[in-house]
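Please open the structure in a viewer and keep the selection panel at hand.

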Amino acid sequence: MAARPGYGRSQGAAGSGRPRDRIMSDNIVDTFFARQQGHGAKPAIVWNGETVCTFAELPAHVGRYRAALAQLGVTRGERVMVKTENSPAFVFTYLAVLASGAIFVPMNAAYTAAEVELLVEDADPVLLIHADKTAVPPAGSDRTTRATLNGDGSGSLTDLAATLAPDLAVEPMAVTDLAAILFTSGTTGRPKGAMLTHGNLGSNVAALYETWQFSSEDVILHCLPLFHAHGLFVALHLGLYSGATLRMLPKFDAAKVVAQLGQASVFMGVPTFYTRLLESADFTRNATAGIRLFISGSAPLLPSVFAAFEARTGHRILERYGMTETVMITSNPYDQAGRIPGSVGYPLPGVSVRIVDENRAELPAGEVGEIEMQGPNLCAGYWRRAEATAESFYPDGFFRTGDTGFKDETGRVTIAGRSKDLIISGGYNVYPAEIEMLLAEVPGVQDVAVFGVPHPDFGEAVMAAITTEGDAFDMAAMNALIAGKLARFKQPKAVHVLDEFPRNAMGKILKNVLRDTYKGSFAK
Ligand code: MLC
Ligand code: AMP
């Protein structure tokens with residue numbers, strides 16, 4: 001096979017047969033725009049079935065938002081936080097922040113004001129962009145200006161951008177400069193911001209482009225939230241990097257996806273998307289005939305779903321494994337027969353994976369241990385959290401994922417479980433520690449444990465158990481506290497009041513016993 005274009009100015013390949021100096025710097029926006037040259041007439045973004053702009057028009061859209069950001073005080077190195085739903089304007093804003101040399105800090109649009117406040121405190125943004133009707137903390141630090149951007153693209157940011165001439169300059173950045181900070185919760189309950197550089201993002205999209213054989217002929221059906229790594233750095237970046245049209249939907253909706261599959265060549269999502277598609281009678285072999293690749297990730301894809309999908313459509317879903325801190329780490333091979341259910345495949349080009357014991361000694365094939373990784377995709381650490389960074393980022397360059405698994409003789413990786421206490425519900429991470437801390441504050445609650453149980457739609461569902469003391473406990477008051485403080489997807493689907501917890505000899509609550517007791521709660 002002929003060599004395919006690689007990543008980045010420093011690696012000297014701006015795209016197939018294009019001169020090296022087309023890419024002005026390692027700012028990933030420069031890379032995107034350079035690689036889109038030659039595809040100008042093609043639709044770049046199709047939103048709800050309507051073309052929004054071609055690749056030739058995209059820089060001017062981004063440039064208007066860049067000019068608006070400059071008026072709002074955004075400069076190189078500053079953080080811009082965004083809390084809004086998907087829209088084309090979200091994409092323009094994202095690219096404009098990066099083009100300004102500033103750092104993009106997205107948040108889940110479902111977060112409560114309390115959740116947002118913690119993140120704003122940490123990120124200390126110069127600008128907070130949010131929807132008009134969304135939970136945000138009351139005006140805090142004097143430093144932070146605000147602008148609005150709604151899911152339909154309207155808002156003060158768009159109004160301002162519309163009055164300005166596009167600023168087409170792209171701030172030169174090095175591979176080590178920060179592009180984005182994405183908060184992921186931690187075992188301590190307080191979210192940590194993963195600092196992703198232009199080099200992290202650029203190297204990863206280049207590796208995915210190779211591995212999944214993308215080209216400008218592709219059309220990506222995109223309905224993942226843009227505020228997480230999967231929707232932003234995998235689905236969106238692949239379109240921008242390949243010069244492939246992004247057919248976007250505001251969110252996942254099985255009927256809309258089925259209706260648009262005929263106009264797409266690639267679809268990607270979390271396992272819940274696939275279980276929901278399989279529930280639709282219109283999701284047939286015929287409906288998927290034009291798709292060359294279905295990709296799943298962010299949570300384990302059950303082998304039963306893989307098998308049902310293959311039986312229904314003839315497609316073998318390609319499963320990959322990633323994290324916010326690392327973007328993508330491993331992928332099943334592109335070749336259909338190489339896509340093995342239950343396995344997440346091989347490390348991406350340039351990425352190393354080790355399986356280690358508790359002393360960090362590498363384990364032989366077949367033995368389960370902690371998964372560590374190293375590569376150009378590994379983020380620069382946690383924002384302003386030296387201690388948390390030191391706990392997971394080793395001086396030898398490897399990162400502790402908190403996932404456990406094994407390799408086979410060929411180096412293929414299978415995830416066995418997690419050493420971190422984490423629930424993944426519909427592809428969203430929920431850290432029990434965060435919810436436990438909140439429930440422990442409820443008057444009358446003596447002890448609390450939050451754990452995940454199997455759920456047919458979300459993969460896992462959040463469940464809580466508590467014991468109480470005295471007469472102070474009031475279920476309604478607890479539910480009100482939960483509703484006020486936690487985004488809906490983090491809220492326990494049930495809270496069980498127990499007489500006592502199962503405990504080990506040391507008095508530690510046995511979450512595995514609780515998981516076992518309640519594992520049938522959502523059985524179909
Ligand atoms: C919504 N709800 C959830 C939920 N999403 N509850 C638990 N888990 C979730 N993920 C709540 C709703 O608030 C609602 O509450 C009820 O469940 C049913 O809502 P719904 O209408 O069925 O949900 P919907 O809005 O359709 O959302 C489901 C979903 C969405 C699967 C489409 O969660 C989603 O887009 N998930 C993708 C997450 C993702 O992109 N993860 C990537 C992270 S990056 P009620 O009770 O009010 O009705 C990463 C790295 C990597 O992990 O490797 O990729
Ligand atoms: P996040 O912090 O949201 O980036 O989630 C990262 C975590 O999602 C990983 O550490 C894994 O536990 C999990 N994950 C991602 N992809 C997969 C997959 N294909 N199979 C199992 N778990 C996955």
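Select Phe 33, Pro 59, Val 62, Gly 63, Arg 66, Ala 99, Asp 167, Leu 168, Ala 169 and Val 170: together these residues line the largest cavity of this predicted model. The volume of this cavity is about 40 Å³.

How many cavities of 30 Å³ or more does a search of the whole structure find? The search finds 2. To view the second largest cavity, select Ser 203, Asn 204, Ala 207, Leu 348, Pro 349, Val 351, Pro 376 and Asn 377, which form its lining. About 30 Å³ of space lies inside the second largest cavity. Its lining divides into 5 nonpolar and 3 polar residues, with no charged residue.

The next stop concerns a set of strands. Select strand S14, residues 327–331. Is this strand mostly covered or mostly open? Strand S14 is mostly covered, for 5 of its 5 residues are buried.

Between them, a hairpin of 3 residues joins S13 to S14. For one of the bridges, display Met 323 and its partner in S14, Val 327.

Then extend the selection to strand S15, residues 346–347, which runs antiparallel to S14 and is joined to S14 by 2 bridges. Here Ser 331 has Tyr 346 of S15 as its bridge partner.

Which residues come nearest to ligand 2? Of the 16 residues around this ligand, the nearest are Arg 320, Thr 324, Asp 403, Lys 420 and Asn 429.

- From a nitrogen atom of ligand 2 to a polar backbone atom of Arg 320, the distance is 2.7 Å.
- From an oxygen atom of ligand 2 to an N or O atom in the side chain of Lys 420, the distance is 2.6 Å.
- From a nitrogen atom of ligand 2 to a backbone N or O atom of Ser 298, the distance is 3.2 Å.

Conventions. Residues are numbered from 1 along each chain as its sequence is written. Chains are lettered from A and ligands numbered from 1 in the order in which they are written. This is a predicted model: local features need pLDDT of at least 70, side-chain atom pairs count only at pLDDT 80 or more; totals for chains, interfaces and linings use all residues. Side-chain values use heavy atoms; hydrogens and water are left out. Buried means under 20% relative accessible area, exposed over 50%, partly exposed in between (1.4 Å probe, protein chains only). Helices (H or I, at least four residues) and strands (E, at least two) are DSSP runs, numbered from the N terminus. Two strands pair if DSSP finds at least two bridges between them. On a 1 Å grid over the protein atoms alone, a cavity is a set of points where a 1.4 Å probe fits but cannot get out, and a pocket is an open set with protein on both sides within 12 Å along at least five of seven lines; lining residues have an atom within 4 Å of a point. Grid points are joined across faces, edges and corners, and a volume is the space filled by probe spheres set on the points. Ala, Val, Leu, Ile, Met, Phe, Trp, Tyr, Cys and Pro count as nonpolar, Asp, Glu, Lys and Arg as charged, and the others, Gly among them, as polar. A residue is near a molecule or strand if one of its heavy atoms lies within 4 Å of it. A polar contact is a pair of N or O atoms within 3.5 Å; within protein, one must be able to donate a hydrogen and the other to accept it, and residues adjacent in sequence count only if both atoms are side-chain atoms.
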